[in-house]
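Work through the exercises below with the sequence and the 3D view open. Each task is followed by a solution in steps.

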Amino acid sequence: MAPDALGARPLMIDNLTILLTHGLMLIAAWRLLKRPDLDREGPPIRRGIDRGRRDA
Amino acid sequence: MHDLFLIAFLFTLFVLGLARPFLMVCAYVYIDVVSPQQLTYWLLNSLSISMIAGAGALGLWLIADDKKDARVAPRQVLIVLLIGICAYTTAHADFPVEAKETWDYIWKALMFAAFLPLTLRTKLRIETLLLFMVLSAATIIIVGGLKTVLSGGGYGELNLMVTNNSGLYEGSTISAVAIAIIPVILWFTRYGTIFPPDWRVKAFAYALCFACVLIPIGTSARTGLLCIGLLGVLMWIRSRHKLLFAGMAVALGLAAVPFLPTAYTERMNTIKTYDADESASTRLAVWAWTLDYAKTHPMGGGFLAFKQNKLRMLINDGAGGTRISTDEARAWHSAYFQMLGEQGYLGLLVWLAINLGGLWRMEVLRRRYRDPEGANAWAGSLALALQTAHLVYLLGAAFVGIALQPFVFMLIGAQIGLDTYLARKAAEQAGNLGLARKPRPALA
């Protein structure tokens, strides 16, 4: 299929893609509002840190 | 409608950024990658939205963010040093007007990369940054992938919404970047928390990876093919089932060949016959010219110094003879030669230190947190993903002038952020346990 055979579809592809990715970014931003760990975390989990240090 | 949607999206992101300042950083990332001002005909194209988001991100960080125990890694200092070198070469540029235009956006991109790690104080912020980077790039990649499937694309023919070859909208650049971010996309299928990895997330991620692979086909960028090859090798080395992985890769490759557009296979075949291919011969001539130029201009000629080159090349005519071809003002076609020609030996050295330092630090973190059962397995896996992405970029950069590509410097910022975050957590843990041992600092 030649590139110009897309007809009016390029605009539709552009718009659908923008809707999809921007929608996902909005959902992500909305979910982040309910996540206190975005700005502040609790104390680190000992097991992983200890293991990490042993591996170092 | 299209314009209204983009305006509403950006406005919402700005408003949410007031509640969660880090979202303003994400807004800047989005604007820098997608350039919504180039997609609209109303309002956004007349406002300096990039400046608004950048100033907002910096202002909110200064006013509202926690800066306790903020760490500056040596690579951030190197980025600032690189800005200084670019400022010097711009002031002494061979083409002052053109160099100033490039400088006007490059210094902001580099400054943002140096600033970014200071904001990455939590694991969730690192994830959020990468999610916004991936989804922003996906806006271009999905468009390119779908159009490739429907039309086949072609060199310089694939319409990626914006046709001025700026930023990630340039074919060779998006080809290298699309392949480079595949490991980061796959990381989300295991460790994402904003979108927990259920079947929908995995389906989207795999489909996006497929679109990424289609980009070098759609743009017919030969660099992309090399990047796919390197990514395949790197993933094969790390895979647990090497034989199965190799078998699937070969089967997938063979199955894909009949579906490749003729224009693509013809262009890829020219990789083997570089001496008969004017584009490849021009690259070699530009690189030889740059080496000569650097001998007389060791401090570099500033941005776009390539505009003064005049080239003579011997081209194989395919019938056993040769012909002479001339050209001038040809672009660098390589990030390494770009740095040498524009920023001199010192600039190249600093740029290499930033990039190689990133590879090394990710290797250190990958090894330190390699236990898949450990609580910080996500960090080891992310370090590996960022390292693989960086290696793919460095290969693509050998053939494309993307030395100071803002998206790549954001990836470097994410690397530094991961490094300083883990160093901070280790220090906190040591403090909690009352250990006298000094925490291991982030080194690069």
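A residue is buried if 20 or more other C-beta atoms lie within 10 Å of its own, exposed if 12 or fewer, and partly exposed in between, with C-beta atoms placed from the backbone. This is a predicted model, in which local features need pLDDT of at least 70, side-chain atom pairs count only at pLDDT 80 or more, and totals for chains, interfaces and linings use all residues. Residues are numbered from 1 along each chain as its sequence is written, and chains are lettered from A and ligands numbered from 1 in the order in which they are written.

**Exercise 1. Two loop residues**

Task: Decide whether B:Leu304 is buried or exposed, and find where B:Leu304 lies.

Solution. 
Step 1. Within 10 Å of B:Leu304 there are 21 other C-beta atoms, so B:Leu304 is buried.
Step 2. B:Leu304 belongs to the loop between helix 13 (278–296) and strand 1 (310–316) of chain B. Helices (H or I, at least four residues) and strands (E, at least two) are DSSP runs, numbered from the N terminus.
Step 3. The phi angle of B:Leu304 is near 65°, which is positive although the residue is not glycine.
Step 4. B:Ser35 sits in the loop between helix 2 (22–34) and helix 3 (49–64) of chain B. B:Ser35 has 24 C-beta neighbours inside 10 Å and therefore counts as buried.

**Exercise 2. Chain totals**

Solution. 
Step 1. Chain B has 16 helices and 2 strands, and 49% of its 444 residues are buried.
Step 2. The C-alpha trace of chain B spans about 75 × 55 × 55 Å along its principal axes.
Step 3. A compact globule of 444 residues would have a radius of gyration near 22 Å, and the 22 Å of chain B agrees with this. The radius is taken over C-alpha atoms, and the globule rule is 2.2 Å times the number of residues to the power 0.38.
Step 4. Take the contacts in chain B between residues at least 6 apart in sequence: 75% of them join residues at least 24 apart. Two residues are in contact if their C-beta atoms, placed from the backbone, lie within 7 Å.
Step 5. Chain A has 2 helices and 0 strands, and buried residues make up 23% of its 56 residues.

**Exercise 3. Buried residues in helices**

Task: Find which residues B:Thr290 touches, leaving aside its neighbours within four places in sequence.

Solution. 
Step 1. B:Thr290 is part of helix 13 of chain B. B:Thr290 counts as buried because it has 24 C-beta neighbours inside 10 Å.
Step 2. With neighbours within four places in sequence left aside, B:Thr290 is in contact with B:Trp332, B:Phe337, B:Leu340 and B:Gly341.
Step 3. B:Glu342 is 52 residues from B:Thr290 in sequence, and the C-alpha to C-alpha separation of the pair is 9.4 Å.
Step 4. For a case in chain A, take A:Ile13 in helix 1 (residues 9–33) of chain A. A:Ile13 has 20 C-beta neighbours inside 10 Å, so A:Ile13 counts as buried. Leaving aside neighbours within four places in sequence, A:Ile13 is in contact with B:Val143, B:Leu146 and B:Lys147.

**Exercise 4. Helix 15 and its partners**

Task: Describe how helix 15 of chain B packs with helix 16 of chain B, and then with helix 7 of chain B.

Solution. 
Step 1. Two packed helices are described by the angle between their axes and the distance between the axes. Axes are lines fitted to C-alpha atoms, for helices over the stretch in contact, and angles run from 0 to 180 degrees between N-to-C directions.
Step 2. Helix 15 (residues 377–396) and helix 16 (residues 406–432) of chain B pack at about 150°, with axes 11 Å apart. The two helices are therefore roughly antiparallel. Angles under 35 degrees count as roughly parallel, over 145 as roughly antiparallel, 65 to 115 as roughly perpendicular and the rest as oblique.
Step 3. Residues making this contact include B:Leu382, B:Leu386 and B:His390 of helix 15 and B:Leu411, B:Gln415 and B:Leu418 of helix 16.
Step 4. Helix 7 and helix 15 of chain B pack at about 160°, with axes 8 Å apart. That makes helix 7 roughly antiparallel to helix 15.
Step 5. The contact is formed by B:Ala176, B:Ile179 and B:Ala180 of helix 7 and B:Ala389, B:Val392, B:Tyr393 and B:Gly396 of helix 15.
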